[in-house]
Amino acid sequence: MSENHIDPVLLRGMTQRRLGRRDIFKAAGLGVAAAGLAACSVKGQATGKKTVAPDAVAKFWTGKTGTGHVNFANWPLYMDPKHPELKKFTAQTGVTVTYSEVINDLPTFFAKIQPQLAAHQSIGYDLMVITNGVEFAELVEFGYYAPLDHSKMPNFTKNVAPKYTQEAYDPGNVYSVPWASGITGIGYNPKYVKTPPTSLQDLQNLIYKGKVGMFSDVEEIGVFAMLAVGANPETSTPSDWQKAADWLKKQQDAGLVRKYYDQDYISALSNGDIWLNMAWSGDIFQSNASNGTNLQFAIPSEGGTLWTDNMTIPITADNPVDSLKLIDFFYDPAIAGSLAEYINYITPVPAAQAVIAADAKAATGDDAKALNQLATSPLVFPAASSLAKLHYYRAFKTSAERDQYNSIFDPIVTS
């Protein structure tokens with residue numbers, strides 16, 4: 001893995017990707033169709049349909065045949081620009097792929113495709129990567145996703161991590177399978193934090209007065225605070241939200257929080273302005289790999305947050321059969337490993353770790369070092385026990401419910 005290989009990822013970084021999602025979540029219910037149905041992803045709870053009629057899969061797929069082409073819509077810098085995986089797919093199957101980095105934020109993308117889907121027209125894309133959040137829930141609710149035929153997905157069935165078959169925004173992967181994921185936990189600088197944090201209560205420790213960073217996003221900070229007070233974010237009530245806000249206010253009043261950050265916390269953590277903070281796993285990995293920092297990342301004993309980007313097929317896809325074939329192709333461990341070597345996100349294919357380790361052994365110099373670091377990183381390959389501790393964002397069934405949540409947490413991060 002050369003320096004040129006890593007640089008594009010650094011330009012994108014976990015933070016830029018997550019910032020876009022945070023802005024999306026904050027805009028939920030504002031200016032998008034069916035705003036009252038807006039819902040963030042959540043484990044154990046979701047809006048929209050959770051299952052399809054028993055004959056829905058057969059009804060959609062019967063009579064459909066391959067066309068030899070796929071139009072694939074994804075986020076920028078979410079694949080090596082040389083598209084090595086797609087070239088292998090074409091070489092193996094004869095199916096060509098037009099790959100477009102057109103999803104820069106979901107509200108804009110959703111606003112573009114929703115009228116076409118409502119009119120049952122092609123959107124020009126057969127495969128699209130959608131984050132588990134507001135737009136994902138609405139696409140499910142409106143019936144705009146094609147139900148996946150799992151009988152045609154042997155790689156997925158064999159190689160997917162069990163965690164990803166239990167995601168409540170799409171139980172049983174009826175409409176989607178993961179592309180990649182990221183974790184929110186506690187990042188810390190061991191130069192200043194001598195006892196590694198293990199609990200969210202460490203963010204209330206007075207020895208860190210003025211040296212704690214928290215996120216300004218109410219979705220992220222709300223999950224952490226609810227976990228800190230013993231509430232389950234997935235089933236939380238307004239009473240739980242208020243208890244969580246009180247916990248955050250106590251932290252704030254004690255002078256512990258230096259700043260509520262958007263995306264500039266890594267430099268502050270690296271230079272000692274803050275000593276520990278809420279953090280995204282990808283930021284910590286990229287900073288250490290690229291800048292030589294020794295930042296550490298911990299999933300609190302109470303749990304952390306998981307978000308996932310998902311491959312989906314719109315119901316009006318012109319080429320659904322070959323799209324399903326491409327989806328399953330990315331669950332070949334060799335292909336999943338190749339993708340992870342470029343994007344450095346959590347892969348839903350655990351066997352990709354062995355692929356990267358083998359590539360590291362075959363490489364030399366800096367390439368070997370970088371691949372080895374990737375293959376052994378718990379930030380990219382978290383243990384099953386770590387994944388089991390992760391939660392999704394609170395789902396909201398109505399805009400009024402979301403407004404109530406925001407009214408409780410917004411004063412904390414804006415004061």
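A salt bridge is taken here as a side-chain nitrogen of Lys or Arg within 4 Å of a carboxyl oxygen of Asp or Glu. The structure under review, which is a predicted model, holds five such salt bridges. The points below begin with these pairs and then turn to the fold, the core and individual residues.

1. Salt bridges. Side chains of opposite charge can pair when their charged atoms come close. Among the pairs in this model is D264 with K259, whose closest N and O atoms are 2.9 Å apart. D264 is partly exposed, at a relative accessible area of 35%, and K259 is likewise partly exposed, at 37%. Another pair is K152 with D149, where the closest N and O atoms are 3.6 Å apart; D149 is buried, with a relative accessible area of 12%.

2. D322 is buried, with a relative accessible area of 3%, whereas K325 is partly exposed at 39%.

3. D240 lies in helix α8 (residues 238-253). This residue is buried yet has no salt bridge, and the nearest side chain of opposite charge, K243, is 4.8 Å away. Neighbours up to four places away in sequence aside, D240 is in contact with M226, A231 and T235.

4. Overall composition. The chain contains 16 helices and ten strands. Of its 415 residues, 57% count as buried. Among contacts with a separation of 6 or more, 81% are between residues 24 or more positions apart.

5. The nonpolar core. The largest nonpolar core comprises 125 residues, and F72, W179, L326 and F330 have the most contacts inside it. Helix α7 (residues 218-228) gives the most to this core, contributing eight residues. The core lies between domain 1 (56-181 + 307-381) and domain 2 (183-306 + 391-413), because both give residues to it.

6. Surroundings of F72. Apart from residues up to four places away in sequence, F72 touches M79, V97, T98, Y99, S100, Y125, L127, V129, W179, L326 and F330.

7. Strand β9. Nine of the nine residues of strand β9 (residues 304-312) are buried, so the strand is largely enclosed by the rest of the structure. In a regular strand the side chains alternate between the two faces of the sheet. Both faces of β9 are covered: G304, L306, T308, N310 and T312 are buried on one side, and T305, W307, D309 and M311 are buried on the other.

8. Pairing partners of β9. Strand β4 (residues 176-188) runs antiparallel to β9 and is joined to it by eight bridges, with I183 opposite L306. Strand β3 (residues 127-131) is also antiparallel to β9, through four bridges; here I130 stands opposite N310. The pairing of β9 with strand β10 (residues 390-391) is in the parallel sense, over two bridges, and places G304 opposite L390.

9. G66, in the loop between α2 (56-61) and β1, is partly exposed at 47% relative accessibility. The C-alpha atoms of G66 and V321 are separated by 5.2 Å, although the two are 255 residues apart along the chain. Leaving out residues up to four places away in sequence, G66 touches V321 and D322. A second case is W280 in strand β7 (residues 276-280), which is buried with a relative accessible area of 0%. W280 and I186 are 94 residues apart in sequence, with 8.0 Å between their C-alpha atoms.

10. Positive phi values. H83, in the loop between β1 (69-74) and α3 (84-93), has a phi near 55 degrees, a positive value in a residue other than glycine. H83 is partly exposed, with a relative accessible area of 22%. H120, in the loop between α4 (106-118) and β3, has a phi near 60 degrees, again positive in a residue other than glycine. H120 is exposed, with a relative accessible area of 57%.

How values were computed
Residues are numbered from 1 along each chain as its sequence is written. This is a predicted model: local features need pLDDT of at least 70, side-chain atom pairs count only at pLDDT 80 or more; totals for chains, interfaces and linings use all residues. Side-chain values use heavy atoms; hydrogens and water are left out. A nonpolar core is a set of buried Ala, Val, Leu, Ile, Met, Phe, Trp, Tyr and Cys residues joined through side-chain atoms within 4.5 Å. Buried means under 20% relative accessible area, exposed over 50%, partly exposed in between (1.4 Å probe, protein chains only). Domain bounds come from an automatic or database domain assignment. Contact means heavy atoms within 4.5 Å. Two strands pair if DSSP finds at least two bridges between them. Lys and Arg count as positive and Asp and Glu as negative; His and the chain ends are not counted.
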